[in-house]
Amino acid sequence: GETSSCPRPRPPNVPKHAGDAAGYACESIVRGLREANYKIVTIPCREYHYKGAGGAARSAVRGIPVAVLAPLSGASEALSYTLIGLRNQLRPDLRKEEEASLRGL
């Protein structure tokens, strides 16, 4: 399917430790790689069928910035969430404060 450039909201639960963040971190990286693949492979293939080699080449060149930035964005999101989990593992009091503020207490 087509990818969405809208960022996925963070999971509703604050990670208690770095291990809690692992699944979300992996999903973030995979999402970035899928976006890059879509822009650099899928779209140029479609353009090749409709406009030939020239259209495919132009489409691939236009997709290069996204192909570079989307995986970096996914990796930075993964790192951010993992570091939050690590912080919460080291300082559980901060996690409890954050959970309370998310509930509006």
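Predicted model: local features only at pLDDT ≥ 70, side-chain atom pairs only at ≥ 80, totals over all residues.
Me: How should I read the sequence separation of contacts in this chain?
Reply: A contact here means heavy atoms within 4.5 Å. Among contacts between residues at least 6 apart in sequence, 70% join residues at least 24 apart. Residues are numbered from 1 along each chain as its sequence is written, and side-chain values use heavy atoms, with hydrogens and water left out.

Me: Thanks! What does the secondary structure of the chain come to?
Reply: Helices (H or I, at least four residues) and strands (E, at least two) are DSSP runs, numbered from the N terminus. The chain has two helices and zero strands. Helix α1 covers residues 18-90, and α2 covers residues 92-103.

Me: How far does α2 reach from its first C-alpha to its last?
Reply: The expected span of a helix is 1.5 Å times one less than its number of residues. With 12 residues, α2 reaches 17 Å, close to the expected 16 Å. G104 follows α2 and has a positive phi, near 85 degrees.

Me: And how do the axes of α1 and α2 cross?
Reply: Two packed helices are described by the angle between their axes and the distance between the axes. Axes are lines fitted to C-alpha atoms, for helices over the stretch in contact, and angles run from 0 to 180 degrees between N-to-C directions. The axes of α1 and α2 come within 5 Å and cross at roughly 115 degrees. On the α1 side the contact is made by I84, R87, N88, Q89 and L90, and on the α2 side by P92, L94, R95 and E98. By class, that gives four nonpolar, two polar and three charged residues (nonpolar: Ala, Val, Leu, Ile, Met, Phe, Trp, Tyr, Cys and Pro; charged: Asp, Glu, Lys and Arg; polar: the others, Gly among them).

Me: Is S59 buried or exposed?
Reply: Buried means under 20% relative accessible area, exposed over 50%, and partly exposed in between (1.4 Å probe, protein chains only). S59, in helix α1, has a relative accessible area of 7%, so S59 is buried. Leaving aside neighbours within four places in sequence, S59 is in contact with K39, I43, P44 and E47. Of the 105 residues of the chain, 24% count as buried.

Me: How many salt bridges are found in the whole structure?
Reply: Side chains of opposite charge can pair when their charged atoms come close. The criterion is a side-chain nitrogen of Lys or Arg within 4 Å of a carboxyl oxygen of Asp or Glu. The search finds four, including E77 with R31 at 3.3 Å, N to O. R31 is partly exposed at 27%. Another of the four joins K51 and E47 at 3.7 Å; these two are four residues apart in helix α1, so about one helical turn separates them. K51 is exposed, at 56% relative accessibility. D93 and R91 also meet, at 3.0 Å.

Me: Which rings form the aromatic pair, and how are their planes set?
Reply: Rings of Phe, Tyr and Trp (its six-membered ring) pair if their centres lie within 6.5 Å; planes under 30 degrees apart count as stacked, over 60 as edge-to-face and the rest as tilted. The whole structure holds one aromatic pair. The rings of Y24 and Y81 have centres 4.7 Å apart and planes at 55 degrees, so the pair is tilted. Both Y24 and Y81 are buried.
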